[in-house]
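Me: Please take a close look at one part of the following structure. A connected account would be appreciated, with the cut-off for each term.

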Amino acid sequence: MFRYILKRILSLIPVLFVVSCVIFLVVYMIPGGPATALLGLEATPDQINELNAKLGFDRPFLVQYADWFSNVLHGDWGESYFLHQTVTSAIAEYFLPTLSLAVFAQVIALALAIPLGILAAYHRGTTLDLTCVTVSLLGSALPGFLLSMFLMLFFGVYLQWFPVAGYAGIADGLGEHLRYLFLPALSLGIVQAAYLTRMTRSSLLEMLYKNYIQTARAKGLKEKKVVMKYALKNGAPVILTAIGQSFGSLITGTIVTETLFNIPGLGMLTLTSINRRDVFVIQGVVLFVTLLYVLVNLVVDILYGFTDPRLRPGRR
């Protein structure tokens with residue numbers, strides 16, 4: 001088990017190195033730059049070149065990358081030219097709304113997906129199964145921004161149950177905090193629930209045709225007990241992996257939703273930084289969310305090792 005965990009951790013090193021190269025290259029190739037954004041459209045080429053030289057953006061690509069990567073390894077992720085604060089402090093400030101939104105959306109997704117997936121597998125081949133599969137496919141096909149707008153119009157404008165935009169921190173009260181996050185979390189949760197429903201159903205159906213399941217049925221056990229006790233337990237590793245991927249997607253894919261609902265999270269920070277050409281913030285946020293995604297999948301892999309009987313301690 002220890003060797004399995006160590007192998008997974010070591011495999012992350014080349015991945016993160018390649019990701020850092022891609023992040024820096026993409027930002028480096030963005031037209032314009034911080035000098036243009038800082039000086040404005042009326043700045044002359046000489047003024048822009050002078051400021052670029054002052055900021056160090058006139059140096060060769062490899063030199064800039066080596067300098068940035070070395071600073072990142074030492075904990076210095078740069079400083080925002082517009083926020084007048086370090087990149088790490090900006091990320092810390094904007095991360096909490098994104099994390100709250102992702103956790104709330106994941107809870108909604110699980111509350112919808114796990115029961116629907118179990119019901120679809122338990123009643124396989126019936127109208128209920130077909131309905132669950134059809135609804136999950138529609139949920140995956142529906143664009144997130146369109147679903148968000150529909151929820152805003154129905155629950156926010158027509159029923160006026162929830163605010164259509166804005167954000168209330170936990171300091172304003174947990175109820176108010178969740179009230180402002182409900183619509184964006186529901187929008188994200190429905191999309192993720194569609195994916196998790198299909199994964200839960202397919203995992204259970206695969207387990208239901210295993211030999212030990214047939215043996216349990218032959219012993220006279222009720223179908224409900226077979227599905228809930230044996231199939232769900234042994235299908236847990238696949239479902240757990242899907243949940244980890246889902247949560248990673250929620251962390252990294254909230255730009256559109258945060259923009260629509262005016263939530264001051266990492267998605268909003270990324271969008272405004274792109275518009276301002278605030279390169280260090282862009283690189284820092286993308287690297288941070290990549291690290292989070294990788295860490296979430298690492299935790300899932302470790303938990304997979306504990307839930308999969310083939311990888312449990314004491315087994316080879």
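What is the relative accessibility of Ile170, and as what does this residue count?

Reply: The model is predicted, so local features need pLDDT of at least 70 and side-chain atom pairs count only at pLDDT 80 or more, whereas totals for chains, interfaces and linings use all residues. Residues are numbered from 1 along each chain as its sequence is written, and side-chain values use heavy atoms, without hydrogens and water.

Ile170 counts as partly exposed, because its relative accessibility is 45% (buried is under 20% relative accessible area, exposed over 50%, and partly exposed in between, with a 1.4 Å probe and protein chains only). The residue belongs to the loop that joins helix H8 (144-158) to helix H9 (174-208) (helices are DSSP runs of H or I with at least four residues, numbered from the N terminus). Between Ile170 and Pro97 the C-alpha distance is 9.4 Å, although 73 residues separate them in sequence.

Ile170 is also one of the contacts of His177, together with Ser100, Tyr167, Ala168 and Gly169, once neighbours within four places in sequence are left aside (contact means heavy atoms within 4.5 Å). His177 is part of helix H9. With a relative accessible area of 2%, His177 is buried. Its side chain makes a polar contact of 3.4 Å with the side chain of Ser100 (a pair of N or O atoms within 3.5 Å; within protein, one must be able to donate a hydrogen and the other to accept it, and residues adjacent in sequence count only if both atoms are side-chain atoms).

His84, in the loop between H5 and helix H6 (87-122), has a phi near 55°, a positive value in a residue other than glycine. At 64% relative accessibility, His84 counts as exposed. Asn262 lies in the loop between helix H13 (255-260) and helix H14 (266-276), and its phi is near 55°, again positive in a residue other than glycine. Asn262 is partly exposed, its relative accessible area being 46%.

Methods: Helices (H or I, at least four residues) and strands (E, at least two) are DSSP runs, numbered from the N terminus.
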